[in-house]
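Look at the structure first, then read on.

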Amino acid sequence: MMIRKFLCLSTSLLLFACLSAQAGQLYRFPDENGVLTLSTSLPPEAAQKGYDIIDDKTMRVIKRVAPAPTEDELEALEAEKLREAERKKKQEIAAQEAEKARQKQRQHDRTLLITYPTEVDLLAARDKDINYRQEQIGMLSAKLPILKQRLQDVQKEAAERELSGGKITDNMQKRLDAAQEEIRIRQQSIKIYQAEIEALKTQYQQDLERLRYLRGTQTTED
């Protein structure tokens, strides 16, 4: 009995020694029953579950390979890759937009310095632009009362004609439409000029502050 055990032990040790001498490294992995197994070859099913590569001389772990990711893990990894790609794309777009903004600012700065040698030149240009639009508003507004009175007169004439049993003539209708349209156009033009004035005030103020910064004056003169 003792001889049989000795022979079995000797056979196992000899087999292990042969494997070590032949392979130079061993694979350690759990078998189908979950029992750790040493082998010079790695079965495909074992590779999916994870394994260790062991030096056959020192029996130290050379490398530890994690189990292959599951389907859910693969989907999660793919989703994370897509999110990362999207983040990088947004960052690239943001960087491009920032560079465009810097180039636009540099161009605007050059234009400011060339167009306005001094603050006085900029302020004169501002006043000229604003005054022109204020003059246009004045001219448009001046005629509005006349147009409104004309419209009232035509409307009164049309009302009296209807009260007397008559109908509004084509000519009268054209006069009504023309007066209403001219009033509408003038009122719309006034609103546009008013909006332009406010925009010009804001833009010129920004340009003034930028010009002061570029020239290093930073004065408080308006």
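This is a predicted model: local features need pLDDT of at least 70, side-chain atom pairs count only at pLDDT 80 or more; totals for chains, interfaces and linings use all residues.

Q: What is the phi of M59?
A: Most residues other than glycine have a negative phi. M59 is a residue other than glycine, yet its phi is positive. The value is near 60°.

Q: Is M59 buried, partly exposed or exposed?
A: Buried means under 20% relative accessible area, and exposed means over 50%. M59 has a relative accessible area of 36%. Therefore M59 is partly exposed.

Q: In what order do the four strands of the open sheet stand?
A: The pairing is antiparallel. The four strands form an open sheet in the order β2-β1-β3-β4.

Q: Which strands stand at the edges, and why is one side of each left without a neighbour?
A: Each edge strand has a single partner strand, so one side of it has no neighbour in the sheet. The edge strands are β2 (36–39) and β4 (61–65).

Q: What is the bridge partner of R28 in β2?
A: Strand β1 spans residues 25–30 and pairs with β2 over four bridges. The sense is antiparallel. In β2, the partner of R28 is L38.

Q: Is S39 buried or exposed?
A: S39 lies in strand β2. S39 touches L26, Y27 and F29, leaving aside residues up to four places away in sequence. Its relative accessibility is 16%, and the cut-off is under 20%, so S39 counts as buried.

Conventions
Residues are numbered from 1 along each chain as its sequence is written. Side-chain values use heavy atoms; hydrogens and water are left out. Two strands pair if DSSP finds at least two bridges between them. Helices (H or I, at least four residues) and strands (E, at least two) are DSSP runs, numbered from the N terminus. Buried means under 20% relative accessible area, exposed over 50%, partly exposed in between (1.4 Å probe, protein chains only). Contact means heavy atoms within 4.5 Å.
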